[in-house]
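Open the structure in your viewer and get your selection tool ready.

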Amino acid sequence: MHNKTVNGIPQLGLGTFGRTGDDGLRALLDAIEIGYRHIDTAQSYGTEENVGKAVERSGLPRDAFFITTKVADTNLARGDFLPSVEKSLETLALDRIDLLLIHWPSARDAVPFADYMEALAETRARGWAARVGVSNFPIADLKRAETVIGSNVLSTNQVELHPFLQSPRLCDYARSRGLPLTAYMPLAKGRVSDDPVLREIAARHNVTAAAISLAFLMGEGHIVIPASSNAGRLRDNHAALSVTLDTEEVSALRALDRGERMIDPDKAPSWDD
């Protein structure tokens, strides 16, 4: 099972939301044992410390891992951004982050857009982040970002994507810019497991519906970061790397798109799809 990279980012990663405390650390160590090397955390998850500990306890070299973290929207102001990244490095016990994202754009531009985009670019110039990207950015913000920091600077836009929310407008635009999307919540909070189309395809491939959802998203060129604290499910999800879907199956899965968004807080931007 080979985890290929997209824009230098391993295509199958591990979400860590909720993986706090000793149980969370155990889940991360289980995941590393199964073969996960791309680990996604965020300042607001409270899991950076566990990610750092898991990397250290794994006994594997630092370069074996690809670590992503995200600057919280509460840290976007000019005076807060860089110090918050320094603190993340300290909490993760790392000397650099492989991919640093802005978690949410500042709602109603409470913080000037250029301020935090320039600060993001600065983290790369300082060597604190090997790559930079964004999360929850609609097309309008991706266009603004290009005018502030130039094209080909961002490595990904991490957004909610799953078979029931395929975001065709955003995907088309991102593809046109050579910008891969990273799918958070790729299993639609577990709902993919109840879908008859996914289940039928899963039975054919002798994997779970979750693995089919992940294989489908990766086949569309996306990076995926499913989360689980259950070792069996972590293993089932990892099996997505060995699944190849045929064109008929891909068509059936594309037809599941119904624009069903699950994460839409008050601070969210206006979505394209």
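Start with histidine 103. This residue sits in the loop between strand E6 (97-102) and helix H4 (113-125). Keep in mind that the model is predicted.

Is histidine 103 buried or exposed? Its relative accessibility is 9%, and buried means under 20%, so histidine 103 counts as buried. Now show what surrounds it. Leaving out residues up to four places away in sequence, histidine 103 touches Ala42, Ser44, Tyr45, Lys70, Val71, Ala72, Ser135 and Asn136.

Next, select helix H5 (residues 139-149) and helix H6 (residues 168-176). Two packed helices are described by the angle between their axes and the distance between the axes. Here the axes come within 10 Å and cross at roughly 20 degrees. Angles under 35 degrees count as roughly parallel, so H5 and H6 are roughly parallel to each other. The crossing of H5 past H6 is right-handed. Which residues make the contact? From H5, colour Ile139, Leu142, Lys143 and Glu146. From H6, colour Arg169, Leu170 and Tyr173.

Last stop: helix H9, residues 231-238. Pick out Leu234, Asn237 and His238, which are buried. They lie on the same side of H9, because they cover an arc of only 100 degrees around the axis. What do the buried residues of H9 pack against? Select strand E3 (14-15), helix H1 (21-34) and helix H8 (209-219) to see their partners.

Finish at the start of H9 with asparagine 230. One of its side-chain oxygens reaches to within 2.8 Å of the backbone nitrogen of glycine 232.

Methods. Residues are numbered from 1 along each chain as its sequence is written. This is a predicted model: local features need pLDDT of at least 70, side-chain atom pairs count only at pLDDT 80 or more; totals for chains, interfaces and linings use all residues. Side-chain values use heavy atoms; hydrogens and water are left out. Buried means under 20% relative accessible area, exposed over 50%, partly exposed in between (1.4 Å probe, protein chains only). Helices (H or I, at least four residues) and strands (E, at least two) are DSSP runs, numbered from the N terminus. The arc is that of the directions from the helix axis to the C-beta atoms. Contact means heavy atoms within 4.5 Å. A polar contact is a pair of N or O atoms within 3.5 Å; within protein, one must be able to donate a hydrogen and the other to accept it, and residues adjacent in sequence count only if both atoms are side-chain atoms. Axes are lines fitted to C-alpha atoms, for helices over the stretch in contact, and angles run from 0 to 180 degrees between N-to-C directions. Angles under 35 degrees count as roughly parallel, over 145 as roughly antiparallel, 65 to 115 as roughly perpendicular and the rest as oblique. A crossing is left-handed if the near helix is turned anticlockwise from the far one by less than a right angle, and right-handed if clockwise.
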